[in-house]
Amino acid sequence: MLLMRESYEETAERTLAQAVTVEPGSVGSIKVLRGQLLRITAQGDGAVASLFGFSLADPAVWLSVHHTRVFSNSYLLGSGMRLVNNRRRPMMVLGKDSVKRHDLLLPASTRAFLAEKGYQGEGCLEAVSGELARLGMVVPKLPDPINLFMHVKLTRAGDILPEPNLTKAGDSITCRVVMDTQFIVSACNTGIEGNDQPAPLLLSVAENLHDFNAE
């Protein structure tokens with residue numbers, strides 16, 4: 001099964017990060033070790049989770065939405081799909097997914113973009129930059145995110161059309177992480193019509209699927 005752990009040699013003490021709640025309009029971060037599971041759960045209707053990931057060994061290696069599209073020859077996420085980094089190496093594998101609609105095309109919001117659209121508050125880009133600074137991580141650039149739960153479609157003419165977000169409280173994705181990674185997840189306003197009502201998110205880590213049942 002895709003969510004089964006691959007065989008690997010233990011090289012360090014295994015730790016399990018505590019669950020993190022990300023409030024609307026803010027970001028949260030969580031450390032996930034190779035072989036562990038990351039679950040991101042919507043705790044309110046209409047949630048969007050803009051996902052960033054950086055290698056703990058080398059922050060210049062990051063989760064790359066661009067390389068993921070090329071590697072998988074798809075702009076849609078599907079179960080079993082490998083999400084790769086900017087070196088074209090897998091960082092995680094998508095397993096359980098109750099929504100099955102995610103965006104791999106749109107960039108992170110900024111404060112200026114939101115202001116132009118008539119929204120107030122901090123953009124995803126600024127919030128993630130602030131969290132990286134808090135963590136003491138220096139990265140060459142901020143990549144575009146993987147926008148989990150965001151509902152958009154691509155037309156035959158190439159237009160990206162936002163659609164009403166159908167995510168409900170309790171919806172989630174679960175991925176097997178295959179590289180020690182610092183993840184940062186934004187619940188900031190996307191500024192994208194139909195996906196512009198931020199909701200809280202829960203980030204949790206487990207060694208096995210059944211461990212989530214104990215939450």
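The mean positions of the 21 positive and 23 negative charges of the protein chain are 6 Å apart. Lys and Arg count as positive, Asp and Glu as negative, and His and the chain ends are not counted. Each charge is placed at NZ of Lys, CZ of Arg, CG of Asp or CD of Glu.

The structure is a predicted model, in which local features need pLDDT of at least 70 and side-chain atom pairs count only at pLDDT 80 or more, while totals for chains, interfaces and linings use all residues. Residues are numbered from 1 along each chain as its sequence is written, and side-chain values use heavy atoms, with hydrogens and water left out.

**Overall form**

Three helices and twelve strands make up the secondary structure of the protein chain; helices (H or I, at least four residues) and strands (E, at least two) are DSSP runs, numbered from the N terminus. The protein chain is as compact as a globular protein of its length, because its radius of gyration of 16 Å is close to the 17 Å that the globule rule gives for 215 residues. That radius is taken over C-alpha atoms, and the rule is 2.2 Å times the number of residues to the power 0.38. The C-alpha trace spans about 50 × 35 × 35 Å along its principal axes.

Of the 215 residues, 48% count as buried. Buried means under 20% relative accessible area, exposed over 50%, and partly exposed in between (1.4 Å probe, protein chains only). The accessible surface of the chain comes to about 10400 Å², and carbon and sulfur atoms hold 50% of it; such areas come from the Shrake-Rupley method with a 1.4 Å probe. Among contacts with a separation of 6 or more, 74% join residues 24 or more positions apart, contact being heavy atoms within 4.5 Å.

**Nonpolar cores**

A nonpolar core is a set of buried Ala, Val, Leu, Ile, Met, Phe, Trp, Tyr and Cys residues joined through side-chain atoms within 4.5 Å. The largest one has 34 residues, and those with the most contacts inside it are Leu38, Ile40, Leu51, Met92, Ile146, Leu148 and Phe149. Elements giving two or more residues to this core include strand 3 (37-42), strand 4 (49-55), strand 6 (90-97) and strand 7 (146-148). Apart from it lies another core of 13 residues, among them Phe52, Phe54, Cys124 and Val128.

Beyond residues up to four places away in sequence, Leu51 touches Ile40, Leu63, Met92, Pro145, Ile146, Leu148, Phe183, Ile184 and Val185.

**Selected residues**

| Residue | Relative accessible area | State |
|---|---|---|
| Met91 | 0% | buried |
| Arg88 | 47% | partly exposed |
| Phe149 | 0% | buried |
| Phe212 | 4% | buried |

Met91 lies in strand 6. Met91 and Phe54 are 37 residues apart in sequence, with 9.3 Å between their C-alpha atoms.

Arg88 sits in the loop between strand 5 (82-84) and strand 6. Although not a glycine, Arg88 has a positive phi of about 65°. Phe149, in the loop between strand 7 and strand 8 (152-154), is another non-glycine residue with a positive phi, near 75°.

Phe212 belongs to the segment after strand 12. Its C-alpha atom is separated by 8.6 Å from that of Arg39, 173 residues away along the chain. Leaving aside neighbours within four places in sequence, Phe212 is in contact with Leu37, Arg39, Thr174, Ser204, Val205 and Ala206.
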